[in-house]
Amino acid sequence: MSQHSLQPRSRAQSGKTPKGTTKPAETERKTHLKKEPNHCPVSAMTYEAKCTSCGKTTRNPLDFKCPSCGKPLEAPRPLDFDAAKIRRRDYSMWRYSRCFPYVETDQIVTLGEGWTPTVKYSSNAYFKLESLNPTGSFKDRGSSALISAVTKAVKDSGGYITEDSSGNAGASIAAYAARAGLKAKIYVPENVAGPKLGQTRCYGAEVVRVKGTRGKVAMEAQKPAKNRFYVGHILHPLFRDGIRSLAYEIVERSAWKTPESVYLPVSAGTLLLGTVAGFKHMADSGVIDDLPRIVACQTRQVSPLYHRFKNLTYRAPDAVVSIADALVSTNPPLLDLMVKSLRDAEGDAVIVEEEEIREAFVELALKGFFVEPSSAVAYAAYKKQSKMKETSPSERAVVILTGAGLKTTVQPCARVFHVV
């Protein structure tokens, strides 16, 4: 990896305009399921995931962890980013299909995910509206990449997929499984309820309730059985790999300039790992000079990354009762990778209090941005660092708003409207 890929952004904005690029034009997204060919979309020549611990490799896209030691896998290194080879008529994440060579173009399963707007909010703050993805969250990027890569293998076996999630990931995997024509079972905690569960069911997935801890739910989903394939969004490397596309869009939609900072909420770590990987890929390819300052934003209750990154002791609560109910990973299995990624990128971590989250949630709604409280965590962190002068007002910051407000039962405010 080149040294410049690990350097933070300088104070002055800089960016390269790759040869053959033009300013992206707006148009409607294309939604399609490509026709399936007779050959496997993931060949031994294009797919080889590597263990992050023992270094051994696997050529089976259905492996969600290292077959040798059980540790997390990392996706195949992509080809160099070449802006001249972007599919400019494709207004989804698959305009960058060359960067995901383990998926054949005629095997792509898409609902039009990606290419979400970057909206100017204030003089130097911009919102990346991931809440406008097809199922209402950024996780559609990971689902599209993962389901595209494994569909043929699952169908050829006559099998089905399993996932454990009570929230956005479960709904997203269910939607893309439906689009691909795959049977899906989503394992959830016994007492889960709310809009996200209803959304998952609407896509036709079978919901399996499990008694016990969140870890027990994952264990049940992972139990081996004939023709049953676990595609858990936290562990499968291709899920977080699809999120690289978010970084590509931030740069392309900013006229090939990199913002000084990017704020994103963190729980299990897929958004953080995928976004950092995307920026590093562009830096290694010579498209950008430096990485932005990546700011990982957590709630005080759920802040294992913040504490590990700051070399502090973290004591998880007996129960998470935060308004940001999508951020619940108190012991994320990818924590070591998250800390390493954030340190390599010379990023930062910040925690916010419940009142700060609520204030940010209400402010966003009253400005027209109705998002999940978990999305508001990133904006709350941006406001906090701005107030403490840990970021300069002259620096351009992108805040990633990850999920739609229609997914929450929390009301931003109660007002009495008088008819005039």
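Q: What makes up the meeting of α6 with α7?
A: On the α6 side it is R244, L246, A247, Y248, I250 and V251, which meet L271, G274, T275, A277, G278, F279, H281 and M282 in α7. By class, this contact divides into nine nonpolar residues, four polar and one charged. Nonpolar covers Ala, Val, Leu, Ile, Met, Phe, Trp, Tyr, Cys and Pro, charged covers Asp, Glu, Lys and Arg, and the others, Gly among them, are polar. A contact here means heavy atoms within 4.5 Å.

Q: What kind of model is this?
A: It is a predicted model, so local features need pLDDT of at least 70 and side-chain atom pairs count only at pLDDT 80 or more, while totals for chains, interfaces and linings use all residues. Residues are numbered from 1 along each chain as its sequence is written, and side-chain values use heavy atoms, with hydrogens and water left out.

Q: How many helices and strands does the protein chain have?
A: There are eleven helices and 13 strands. They are DSSP runs numbered from the N terminus (helices H or I, at least four residues; strands E, at least two).

Q: At what angle do helix α6 and helix α7 pack?
A: Helix α6 (residues 244-252) and helix α7 (residues 270-284) pack at about 50°, with axes 6 Å apart. That makes α6 oblique to α7, because angles under 35 degrees count as roughly parallel, over 145 as roughly antiparallel, 65 to 115 as roughly perpendicular, and the rest as oblique. The axes are lines fitted to C-alpha atoms, for helices over the stretch in contact, and angles run from 0 to 180 degrees between N-to-C directions.

Q: Why are α1 and α2 called oblique to each other?
A: Helix α1 (residues 139-157) and helix α2 (residues 168-180) cross at roughly 45°, and their axes come within 9 Å. This angle is therefore in the oblique class.

Q: Which residues of α1 and α2 meet?
A: K139, D140, S143, S144, L146, I147, T151 and K155 in α1 meet N168, A169, S172, I173, Y176 and A180 in α2. Six of the residues in this contact are nonpolar, five polar and three charged.

Q: Why does W115 count as buried?
A: Its relative accessibility is 3%, and buried means under 20% relative accessible area, exposed over 50%, and partly exposed in between (1.4 Å probe, protein chains only). W115 lies in the loop between β3 (73-74) and β4 (118-120), and its phi is near 55°, a positive value in a residue other than glycine.

Q: Why does K389 count as exposed?
A: K389 has 72% relative accessibility, so it counts as exposed. Its place is the loop between α11 (373-387) and β13 (397-401), and its phi, near 60°, is positive in a residue other than glycine.

Q: Why is A193 called exposed?
A: Its relative accessible area of 61% puts A193 in the exposed class. A193 is in the loop between β7 (184-189) and α3 (195-202).

Q: Why does S261 count as buried?
A: S261, in strand β10 (residues 261-265), has 0% relative accessibility and therefore counts as buried. Neighbours within four places in sequence aside, S261 is in contact with P292, R293, T391, R396, A397 and V398.
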